[in-house]
Amino acid sequence: MPTEKTRGGHRRISAAELVGCIRGRRIQVADATVLGLPCGTGDGVGTADRAVDTLTRGLVEGDEVLCRRAVFDRFLSGDRMSEIGDRLIARTFHRIGQLWEQGEAEVYQERRATEIMRRILSEIRGVLPSPDAEAPLALGATPLGDHFCLPTSLVEIVLREIGWNAESLGISLPFVALETAVQRHRPPLFWISASYLGDPESFVEQYETFFDSHHRDVAIVVGGRALSESLRHRMRYAAFCDRLEHLASFADALARAMRQPNS
Ligand code: B12
């Protein structure tokens with residue numbers, strides 16, 4: 001395991017390296033708090049289906065400790081963030097949406113669930129290794145009027161886990177702001193996460209202009225529930241991903257191609 005030498009000559013293992021090692025070798029953790037991780041995580045017990053039940057219960061009841069444990073257990077047991085996003089977090093939120101529709105969860109419980117998940121995702125981001133100096137840059141956001149924060153945060157974390165220097169620019173950004181960000185930072189990959197479109201016609205129109213200006217230098221990846229098949233037929237993109245696992249495969253292949261000497 002790589003170490004760094006302290007001034008006093010001791011070898012120091014970074015928390016991110018250690019977490020990476022635990023995940024890679026699926027090591028059972030006796031006391032996660034020593035690593036600054038949530039108490040009780042790392043025993044790796046439970047199936048993905050059980051985790052959805054536990055996380056749904058924790059989110060609806062506002063039991064943040066239980067939610068953190070449900071997500072970190074999967075994370076420490078070696079599941080990729082793309083799997084956790086698709087199979088645990090998205091499935092849980094779909095269930096919460098159903099509970100709300102059936103009148104079995106209140107609006108405040110749905111909002112609080114998003115807040116809890118935002119905090120947990122930020123903790124996960126904190127224990128992933130920082131991107132290398134040569135890591136390719138990826139930026140992305142949700143379009144104007146779209147206030148869904150979890151999908152774009154998940155995209156950022158999925159890309160960081162596979163070695164991209166990914167940064168979500170945030171929610172509800174107009175195309176003019178996306179344009180400036182691309183011109184200034186020239187990312188090889190740019191994502192747009194669209195969960196809600198107030199005016200789909202105007203979105204497609206502005207998106208096409210954006211795509212025309214940048215698709216030669218930037219792989220523009222789109223995803224999100226608002227991009228219906230009929231809208232997608234009218235759009236061009238480097239990749240459309242309806243799951244984070246698709247994004248991870250695409251971004252991995254792109255990063256490899258960029259590393260080839262003649263690409
Ligand atoms: C939480 C929530 C909210 C919260 C969001 C809080 C926040 N800050 O994020 C609030 C209260 C703001 C909200 C508002 C609204 N909501 Co709402 N909401 C939800 C809920 C319960 C969960 C959404 C969520 O975060 N899911 C978790 C994410 C991770 O899952 P996901 O979106 O499916 O994303 C996955 C994939 O799509 C993909 N993906 C997504 N984006 C991208 C991007 C890229 C690049 C890639 C690669 C992949 C990818 O990967 C993810 C993981 O698999 C859903 C229920 C549901 N079924 O999802 C309703 C739901 C989405 N909401 C709905 C509606 C109607 C609304 C409103 C329009 C209501 C209104 N009339 O005001 C507004 C729109 C707000 C706006 N302007 O943005 C409907 C949408 C119906 C439809 N036909 O599209 C749903 C389905 C509920 C329902 N059954 O009616 N909502």
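## Ground rules

Residue numbers start from 1 along each chain, following the sequence as written. Since the model is predicted, local features need pLDDT of at least 70 and side-chain atom pairs count only at pLDDT 80 or more, while totals for chains, interfaces and linings use all residues.

## The chain as a whole

The protein chain has ten helices and seven strands; these are DSSP runs numbered from the N terminus, with helices being H or I of at least four residues and strands being E of at least two. Along its principal axes, the C-alpha trace spans about 55 × 55 × 25 Å.

How does the radius of gyration of the protein chain fit with a compact globule? For 263 residues such a globule would come out near 18 Å, and the chain has 20 Å, which agrees. (The radius is taken over C-alpha atoms, and the globule rule is 2.2 Å times the number of residues to the power 0.38.)

Of the 263 residues, 35% count as buried, meaning 20 or more other C-beta atoms lie within 10 Å of the residue's own, with C-beta atoms placed from the backbone. Looking at contacts with a separation of 6 or more, 71% are between residues 24 or more positions apart; a contact here is two C-beta atoms, placed from the backbone, within 7 Å.

## Two domains and where they touch

The domain assignment, which is automatic or taken from a database, gives domain 1 (11-127) and domain 2 (137-259). Their C-alpha centres sit 25 Å apart.

Across the boundary, 14 residues of domain 1 are in contact with 13 residues of domain 2. On the domain 1 side, α4 (81-101) and α5 (107-127) each supply at least two residues, and α4 gives the largest share, seven residues. That side divides into six nonpolar, three polar and five charged residues. (Ala, Val, Leu, Ile, Met, Phe, Trp, Tyr, Cys and Pro count as nonpolar, Asp, Glu, Lys and Arg as charged, and the others, Gly among them, as polar.)

## Around the ligand

Where does the ligand lie relative to the two domains? Both domain 1 and domain 2 give residues to the shell around the ligand, so it lies between them.

There are 34 residues around the ligand, and G97, P151, S193, G223 and C241 come nearest; to be near, a residue's C-beta atom, placed from the backbone, must lie within 6 Å. Elements giving two or more residues to this shell are α4, α5, α6 (150-161), β5 (189-193), β6 (219-223) and α10 (244-259). The largest share, nine residues, comes from α4. By class, the shell has 16 nonpolar, ten polar and eight charged residues.

Key:
Buried ≥ 20, exposed ≤ 12 C-beta atoms within 10 Å, placed from the backbone.
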